[in-house]
Amino acid sequence: MHFLPDVYVPCEVCHGQRYNRETLEVRYKGKNIAQVLDLTVEAAAEFFKAVPVLARKLQTLPDVGPRLRPPRPAARPRSRAARRSASSSRPSCPSARHRPHALHPGRAHDRPALRRHCACCSRCCTELGDAGNTVVVIEHNLDVIKTADWVIDLGPEGGDGGGRVVVAGPPEDVAAHDGSHTGRYLGAMLARRRTARAA
């Protein structure tokens, strides 16, 4: 039933707050857990500014996507991206300082544009790269592909007709390759961008 839209029915007991009465009686700075989770990202960053680790991660969220409330399902991919971005400049463990390569971890994303806006994906990947990460993205969306530093086009077809490296290089090199299906469409997109800039 994945083709049908999601349906949400509020609970008759908690009225959509998702917590029992005892849990809702616990308060931090005057707010219970349901009220905290209903804050916008910006309001939550202000609310938790006394907790530096949490405040830094919350402050990163607006940089990778629209202003969403943290608990919403659509915010989860952005939350993961923000968490990675916020922690990307720090070694993953104390012994990492003895292993220089550990300061530049690899990040792999499988079709990130599937659930996020392309501009958010490109910005997030660029920021992770600027922080010293090696970012590998498996993607079919041309808006994301055109912003890559290096493209590896596999094919030339799908299934049994694929599995070979057709061309590898900057997007412009892929666009100029005659045997690349990706290059054909990417070339048309890059040409439109050049025309728009010239106008």
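Reader: Is Glu46 buried, partly exposed or exposed?

Author: Buried means under 20% relative accessible area, exposed over 50%, and partly exposed in between (1.4 Å probe, protein chains only). Glu46 has 48% relative accessibility, so it counts as partly exposed. This is a predicted model, in which local features need pLDDT of at least 70 and side-chain atom pairs count only at pLDDT 80 or more, while totals for chains, interfaces and linings use all residues. Residues are numbered from 1 along each chain as its sequence is written, and side-chain values use heavy atoms, with hydrogens and water left out.

Reader: Which side chain meets that of Glu46 in a salt bridge?

Author: A salt bridge is a side-chain nitrogen of Lys or Arg within 4 Å of a carboxyl oxygen of Asp or Glu. The side chain of Lys49 forms one with Glu46, at 2.9 Å from N to O. Lys49 is exposed, because its relative accessibility is 57%.

Reader: How many salt bridges does this rule give?

Author: The count is four. Among them is the pair Asp143 and Lys146, at 3.6 Å from N to O. Arg21, Glu22 and Glu25 are linked in a network of salt bridges.

Reader: Is Asn32 buried or exposed?

Author: Asn32 has 6% relative accessibility and therefore counts as buried. Contact means heavy atoms within 4.5 Å. Apart from neighbours within four places in sequence, Asn32 is in contact with Leu24, Val26 and Arg27.
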